[in-house]
Amino acid sequence: MSRRYAYYPGCSGQGTSREYDSSTRAMCQELGFELIDIPDWNCCGSTPAHAVDHLLSASLVARNLAIAEDMDVEGIVTPCPSCLKNLKTSQHRMLRPEFHQEVQRVLGRAVRADLPIKSVLQVLVEDRGIGWIAQQATAPLTGLKVVPYYGCIMNRPPDVMRFDDPENPMALDNLLTAIGAEVLPFALKTDCCGASLGTTRRDVVARLSGRVLDAAAAAGADAIVTACPLCQMNLDMRQAQINKANGSSHRLPVFYYSQLIMLATGQQGERVGLDKLCVSPFSLLESLGPQAGEVRS
């Protein structure tokens, strides 16, 4: 049975992480989720808005919530943890009646403070279930050794995000195991990669993301798997910069989990977006055998 959700792609899904957006949409279609874009959605404020003005940040979010209220859906889903944090944090702040009233004053209309908001990862795990997804893996990724990297905000703060364990989340681990990959223990799965400091403090990103890459390589991983556009960009696009700064020589592909689910369910082609990754994954996938190697075509 198809589930209907209002889809909030976020700004990065229209630019630096187009492959995450396209593979997420294709994955959800394959697994029976109907994603309906929030019409005329606006930026949620990303990293800076809440640091400047909580009311402005919440009002940006509330406009999207108000539009979604008028849609025939079960709630809002987004693939981006940063967007998710902003959506859920603003909604959490509106539980205070006086703040809620201020947001509605800015918005010029009433808006609910209880519309369900989840990550795409959460609805996969909760609405479909790990066992069901395992049954869809007709082309399991046998032989692929990965470490799951959640980043620092997918599950935090726990009283707002309300998904998985904030210190040792397992949803992504279990999902990757279900599609046939070998998931290696990874102590840095919720450490920060440096987030949005890639342009202002490259030294911080080189240090923090470098630790993640070092630990993944030391664990014996073939690749890193993430659910966050910013984490993926720092670890993938900036990998050469990190190598130069730290004197390392990593060549670790950094997948979105949605891309691997697409491969494991036998889906290939442009929607998967493997050619958009800066560190090419094709040699690695070809080493897994003929079925995985066919993704080039």
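A pocket here is found on a 1 Å grid over the protein atoms alone: it is an open set of points where a 1.4 Å probe fits, with protein on both sides within 12 Å along at least five of seven lines. Its volume is the space filled by probe spheres set on the points, which are joined across faces, edges and corners. The model is predicted, so local features need pLDDT of at least 70 and side-chain atom pairs count only at pLDDT 80 or more, while totals for chains, interfaces and linings use all residues. Residues are numbered from 1 along each chain as its sequence is written, and side-chain values use heavy atoms, with hydrogens and water left out.

Start with the largest pocket. Its volume is about 290 Å³. Its lining (residues with an atom within 4 Å of a point) has 18 residues. Ser 12, Ser 46, Cys 80, Ser 82 and Leu 230 lie nearest the centre. Helix 4 (81–93) and helix 11 (229–237) each give at least two lining residues. The lining holds 10 nonpolar residues, eight polar and no charged. Nonpolar covers Ala, Val, Leu, Ile, Met, Phe, Trp, Tyr, Cys and Pro; charged covers Asp, Glu, Lys and Arg; the others, Gly among them, are polar.

Now step back to the whole chain. It has 15 helices and eight strands. These are DSSP runs numbered from the N terminus: helices are H or I with at least four residues, strands E with at least two. Of the 297 residues, 53% count as buried, meaning under 20% relative accessible area with a 1.4 Å probe, protein chains only. Take contacts (heavy atoms within 4.5 Å) between residues at least 6 apart in sequence: 75% of them join residues at least 24 apart.

Helix 9 (residues 171–178) shows the interior. Six of its eight residues are buried, so the helix is largely enclosed by the rest of the structure. They are Ala 171, Leu 172, Asp 173, Leu 175, Leu 176 and Ala 178. Their packing partners include helix 6 (120–128), strand 5 (145–149) and helix 13 (257–264). Gly 180 follows helix 9, with a positive phi near 100 degrees.

Leu 141 sits in the loop between helix 7 and strand 5. Its relative accessibility is 4%, so Leu 141 counts as buried. Leu 141 and Ala 264 are 123 residues apart in sequence, yet 6.0 Å apart in space, C-alpha to C-alpha.

Definitions and conventions: Buried < 20%, exposed > 50% of the residue type's maximum accessible area, 1.4 Å probe, protein only.
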